[in-house]
Amino acid sequence: MAIYTRTGDAGSTSLFTGQRVSKTHPRVEAYGTLDELNAVLSLCVCAVAEEEHRVLLEALQQHIFWFSAELASDSEQPSPGKRYISSEEIALLEQTIDREMARVPALHQFVLPGRCEAASRLHLARTVARRAERRLVELAAEVTLRQILLRYLNRLSDCLYALARSEDQADHQRRLVAEIAARYLAASGSPASDAPKPRPGRSPFTSCISLPVRLSNTPASCRCRWW
């Protein structure tokens, strides 16, 4: 089955209602940016170490599908029987933000992305979500949209920021545990290969439990680093 129709070769496309509009129309720009956001979220799904984050991101991808479908229609209200963004989805985002921000230390400066790949991808998704929000504001200046859509996108970028901070913090802790283990083994004369390796999705404190630590047998030079 061919996926091309040739109907868009002149630079126009169809909305769900059949109306033809330019591919540069603010409505197309808005749901096209959401499509881009969904693709970036898929990169995040493949990279996050925390299972609960992966499950949440997959749910967010579904939300974006509903959102895009609503924008692809020129109707002011979502079609009956269709899934659409509601206060329930916004509540999920806010609960996630509160939970994840409680897990990380407070910051009083801008965050430079890049300490771990998962966080970097989430920051990329955050910036695309912000651009989608700007496109939606432009569209809202021309057509009537449900206000809850703007609220959702505004909250979504905050949620992606919180997830990035959380993944970054978890990765930092895993690396710290691995470094401490390597120093301990080096001081005790054990091979470095015996050091526990950080595993995606594992709490750093789980790795701590597996360390063969007996304080009475720990060299003094190593104790001062640990305690």
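**Exercise 1. How are H1 and H2 oriented relative to each other, roughly parallel or roughly antiparallel?**

Solution. In this predicted model, begin with the geometry of the pair: the axes of helix H1, residues 26-47, and helix H2, residues 51-71, come within 9 Å and cross at roughly 165 degrees. The next step needs a cut-off, namely that angles over 145 degrees count as roughly antiparallel. H1 and H2 are therefore roughly antiparallel to each other. On the H1 side the contact includes Arg27, Ala30, Tyr31 and Leu34, while on the H2 side Leu60, Ile64, Ser68, Glu70 and Leu71 are among the residues involved. When the residues of this contact are sorted by class, they divide into 13 nonpolar, 4 polar and 4 charged.

**Exercise 2. Describe the packing of H2 with H5, and state which residue classes make up the contact.**

Solution. Two packed helices are described by the angle between their axes and the distance between the axes. For H2 and helix H5, which spans residues 147-188, the axes come within 12 Å and cross at roughly 160 degrees. With the cut-off of 145 degrees in mind, the conclusion is that H2 and H5 are therefore roughly antiparallel to each other. Their crossing is left-handed. Among the residues that make the contact are His53, Leu56, His63 and Phe67 of H2, together with Leu149, Tyr152, Cys159 and Glu167 of H5. Sorted by class, the contact of H2 with H5 has 13 nonpolar, 3 polar and 2 charged residues.

**Exercise 3. At what angle do H4 and H5 pack, and how far apart are their axes?**

Solution. The angle between H4 and H5 is about 170 degrees, and the axes lie 8 Å apart. Since the limit for this class is over 145 degrees, H4 and H5 are therefore roughly antiparallel to each other. Their contact is built from 16 nonpolar, 3 polar and 6 charged residues.

**Exercise 4. Decide whether Arg27 and Ser68 are buried or exposed, and name what each of them touches.**

Solution. Take Arg27 to begin with, a residue of helix H1. Its relative accessibility is 5%, and because buried means under 20%, Arg27 counts as buried. Residues up to four places away in sequence are not counted in the next step, in which Arg27 is found to touch Leu15, Glu70, Leu71, Ser73, Asp74, Leu139 and Val143.

Now turn to Ser68, which lies in helix H2. Ser68 has a relative accessible area of 15%, so this residue is buried as well. Leaving aside neighbours within four places in sequence, the contacts of Ser68 are with Tyr31 and Leu34.

**Exercise 5. Work out where Pro105, Ala102 and Ala162 are located, and say which class of exposure belongs to each of them.**

Solution. Pro105 is found in the loop between helix H3, residues 87-101, and helix H4, residues 117-140, and Ala102 also lies in the loop between H3 and H4. Ala162, by contrast, lies in helix H5.

The classes follow from two cut-offs, since buried means under 20% relative accessible area and exposed means over 50%, with partly exposed in between. Pro105, with a relative accessible area of 43%, is therefore partly exposed. Ala102 has a value of 67% and is therefore exposed, whereas Ala162, with a value of 0%, is buried.

The C-alpha atoms of Ala162 and Ala102 are 9.5 Å apart, although 60 residues separate the two along the chain. Ala102 and Ser166 are 64 residues apart along the chain, and their C-alpha atoms are separated by 9.2 Å. For Pro105 and Gln169, also 64 residues apart, the C-alpha separation is 8.7 Å. Apart from residues up to four places away in sequence, Pro105 touches Arg165 and Gln169, while Ala162, with neighbours within four places likewise left aside, is in contact with Ile97, Glu100 and Met101.

**Exercise 6. How many helices and strands does the chain have, and in what order do the elements run?**

Solution. The chain has 7 helices and 2 strands, and from the N terminus on the order is β-β-α-α-α-α-α-α-α. For the chain as a whole, 39% of the 227 residues count as buried. Among contacts between residues at least 6 apart in sequence, 72% join residues at least 24 apart. Finally, the chain exposes about 13100 Å², of which carbon and sulfur atoms supply 54%.

Definitions and conventions:
Residues numbered from 1 in each chain as written. Predicted model: local features only at pLDDT ≥ 70, side-chain atom pairs only at ≥ 80, totals over all residues. Heavy atoms only, no water. Helix = DSSP H or I, 4+ residues; strand = E, 2+ residues; numbered from the N terminus. Buried < 20%, exposed > 50% of the residue type's maximum accessible area, 1.4 Å probe, protein only. Contact = heavy atoms within 4.5 Å. Areas by Shrake-Rupley, 256 points an atom, 1.4 Å probe, with all protein chains shown as cover. Axes fitted to C-alpha atoms, helices over the stretch in contact; angles between N-to-C directions. Parallel < 35°, antiparallel > 145°, perpendicular 65-115°, else oblique. Nonpolar A, V, L, I, M, F, W, Y, C, P; charged D, E, K, R; others polar. Left-handed = near helix turned anticlockwise from the far one by under 90°.
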